[in-house]
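This briefing sets out the sheets, the helix packing, the chain contact and some backbone details of the structure shown below. Each topic is treated in turn.

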Amino acid sequence: MSDSILVIKDVWKTYEIGDERIEALQAINLDIEKGSFISIIGHSGSGKTTLLSVIGGLTEPTQGSVSLDGADVWKLNDAGLSALRNEKLGFIFQFSSLIPTLRAIDNVALPYIFQKRNNTDIYGRAEKILSILGLSKKLNSFPSELSGGQQRRVAIARAFINRPSIILADEPTGDLDAQSESEVMEFFSEINEKEKTTFLLVTHNMELAGMTDRIYRMKDGILTNGG
Amino acid sequence: MKHRLSLLFLSMQNLTRRPFRTYALVLAIAIVSGAIFSTTTLMWGVNSSLKRGLSKFGADLLVVPRGSLISMKSALLTGEPSVFYMDSDILKTIASIKGVKKVSPQLFLSSVEGDCCVMGNAFIIGFDPATDFTVLPWIEEKIEAIFQMDYAIVGGSNSYNVGDDIFFYGQKLKVFGKLGRTGVGLYDNAVFINIEKAYSMAEESHKLPGVSPLKIVRGQISASLVQLDLGAKLPFISFTISKNPDVKVITAGNIITSVRQNLVALFSSTLILSIVLIIANTLMISAIFSTIINERKRELGLLRAIGAKKISIFGLIIYEATLLTSFGGFLGVAVGIVIMRIYQRTIIFNLKSLNMPYIWPSAASIVLLAVAAIGIAVVVGITGTFYPALRGSKLHPYDAIRAGE
Ligand SMILES: Nc1ncnc2c1ncn2[C@@H]1O[C@H](COP(=O)(O)OP(=O)(O)OP(=O)(O)O)[C@@H](O)[C@H]1O
Ligand SMILES: [Mg+2]
């Protein structure tokens, strides 16, 4: 229990659109150990992305608490929450999320500018991660010059730049071919092992889910242990 | 690889993404700052040329016959007053007042071309070399040391040159010296002669055929120039002199004030235009940046997700507006300078015809005005983007990222 990196207690998220109420998350409880590799599966619209964004400090839950590495996420002020997103979290979004005016390597290094720390080798690290992900020749390409899969890999690289303690990956390999997908997964498990980075992976791919330590299943906003 | 990331870099990249929009905004801002810079520079130039001229003039007070007060004020700046005379006894009265250091008379003669060789109109001023403190000190070049009876001194704007011969009322005068330009129209255009020569010229004029004679009697003067002791109480002295009902006192201060009123009247329309431009541009910037925020919702949400604080988002947008408007402001000032340089003859000519003397402000003043004009442009940018930037910073990060999905 003392080794928990993420503790979610009774989290609810209700969207109200007009008269309609959507229970996107219902009574979620979760306790994740540091360094574990977890996957979440579920149908479209079941609430997977909503859960990740509540954990990642992007969507405030209607009720309940999220504690990340000891910090009560939704009780932090803007500066605290921003620092947490910047330093502890690596978010890989389901949809494209690059800044179109920046080259691939700048996109990867971008989180650095919101940091107080002075990391002089940020570009070295960005280059290294991009190379591991097979993009050593695309460092200076703009997003518009990259394929969908290449853009996705740049976004993945960015999530790792600040050595986060937890990666929230929302279908990170959705638009990758089998070859790139396995490269990415290999990279994930290497980081997971070497740096004890915790992974929360949302996927539709049962095969991928099968490779993880534990599988959770999401259905109509309810999370069950689908082991 | 070299570090290049910063909020500044991000803002600059943002400005390159819609070049046409950026150019249009820069140009709009340039028009505002250029207009403000040019009008203030011209105003400043008129104002400082007034001040410089009047301080060069050297007189703290000018005592004139009651009737010529109004024409004197404008004449000082641009040219000829209508001529009135008073008795020279006033000089002694003024000299006896405590705090008065120097008094010197001047006699104005309405200009008439002589029977030979005088080009155009020249306004003749008789002065007393013995007591003078406003003419002789400002001679820039002269032919010899002593000012003699049939010598003349010409104002800085005059077309005569040192050494020329000029003729008034049949009398030949030699140009002894030329004054530096003062911006005081009365002085810049005048021809100065010894007051004794002026009296004798008036007497002689009665003998000349075909010329209306000068109706001046020895002992009459048009103005007495007064210099005060350091620390003398100007209002008190002015009040004491004014007890004489036949004279009026003009101070440098109230000349500047009256011209400044003209100046404000002339430029107030431009000022109103500038204010309208400022407001219109602020609103335009505001509208355009609202659109920009909407376009970039996803990116702003994304920046929040990777650790940008609300204040950083706010700063990023304000930064962008500042870059844009300072660049526009700079361009406006640069173009303003170029245009004023190209058309400087026309500008000065037009100001002169409006009774406004003009001297270019010093480089330091121009820099100051330029910085102020650019500053106004930046304030327009910041004011205009304030609300859109605030909205951008308050975007709900996840909804913003999802926008357009
Ligand atoms: N901002 C929002 N406003 C209203 N409803 C929302 C909002 N975000 C999500 N929802 C709703 O909440 C539910 C869960 O959405 P979520 O995006 O978490 O699903 P998901 O499991 O990630 O689906 P997918 O596999 O398609 O990505 C859906 O019914 C969705 O319509
Ligand atoms: Mg989703």
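In this predicted model, chain A holds an open sheet of six strands with mixed pairing, arranged in the order β6-β7-β8-β3-β9-β10. A further open sheet in chain A has four strands in the order β2-β1-β4-β5, with antiparallel pairing.

- The edges are taken by β6 (89-92) and β10 (222-225) of chain A, each of which pairs on one side only.
- From one strand to the next, the twist of this sheet averages 20°.
- Strand β3 (residues 37-42) and strand β8 (residues 198-202) of chain A run parallel and are joined by four bridges.
- Within that pairing, A:I38 has A:L200 of β8(A) as its bridge partner.
- Helix α1(A) packs on this sheet and touches β3, β6, β7 (166-170), β8, β9 (214-219) and β10 of chain A.
- The direction of α1(A) makes about 155° with that of β7(A).

**The four-stranded sheet of chain A**

- Strands of a sheet pair through backbone hydrogen bonds, in either a parallel or an antiparallel manner.
- In the order β2-β1-β4-β5 of chain A, the pairing is antiparallel.
- Because β2 (20-33) and β5 (71-72) of chain A stand at the edges with a single partner strand each, one side of each is left without a neighbour in the sheet.
- Strand β1 (residues 4-17) of chain A is joined to β2(A) by 10 bridges, and the two run antiparallel.
- One of the residues in this pairing is A:L6, whose bridge partner in β2(A) is A:I32.
- Between β1(A) and β4(A), which run antiparallel, there are five bridges.
- Here A:V7 has A:S67 of β4(A) as its bridge partner.
- Two bridges link β4(A) to β5(A), again in an antiparallel arrangement.
- The bridge partner of A:L68 in β5(A) is A:A71.
- A hairpin is formed by β4(A) and β5(A), with two residues between them.
- In the turn of that hairpin, A:D69 has a positive phi of about 50°.
- Helix α1 (residues 48-55) of chain A lies across β1, β2 and β4 (63-68) of chain A, and it runs at about 120° to β1(A).

**The contact between chain A and chain B**

- Chain A contributes 33 residues to the contact and chain B contributes 31 residues.
- Five residue pairs are in polar contact between chain A and chain B, both residues of each pair being at pLDDT 80 or more.
- Helices α1, α2 (78-87), α3 (104-109) and α4 (122-132) of chain A each supply at least two residues to the side of chain A that touches chain B.
- Among the contributors to that side, α2(A) gives the most, with five residues.
- By residue class, the side of chain A that touches chain B divides into 16 nonpolar, 11 polar and six charged residues.

**Salt bridges**

- Side chains of opposite charge can pair when their charged atoms come close.
- Over all chains, a search of the whole structure finds 17 salt bridges.
- The pair that crosses between chains runs from A:D78 in helix α2 of chain A to B:R304 in helix α9 (residues 297-305) of chain B.
- The count of salt bridges between chain A and chain B is one.
- In the salt bridge of A:D78 with B:R304, the closest N and O atoms are 3.0 Å apart.

**Positive phi values in loops of chain A**

- A:R163, a residue other than glycine, has a positive phi near 45°.
- The position of A:R163 is in the loop between α5 (148-160) and β7 of chain A.
- A:K196, also a residue other than glycine, has a positive phi near 55°.
- The loop that holds A:K196 lies between α6 (178-195) and β8 of chain A.

Terms used. Residues numbered from 1 in each chain as written. Chains lettered and ligands numbered in written order. Predicted model: local features only at pLDDT ≥ 70, side-chain atom pairs only at ≥ 80, totals over all residues. Heavy atoms only, no water. Pairing = 2+ DSSP bridges. Contact = heavy atoms within 4.5 Å. Axes fitted to C-alpha atoms, helices over the stretch in contact; angles between N-to-C directions. Salt bridge = Lys/Arg side-chain N within 4 Å of Asp/Glu carboxyl O. Polar contact = N/O pair within 3.5 Å; in protein donor to acceptor, adjacent residues only side chain to side chain. Nonpolar A, V, L, I, M, F, W, Y, C, P; charged D, E, K, R; others polar.
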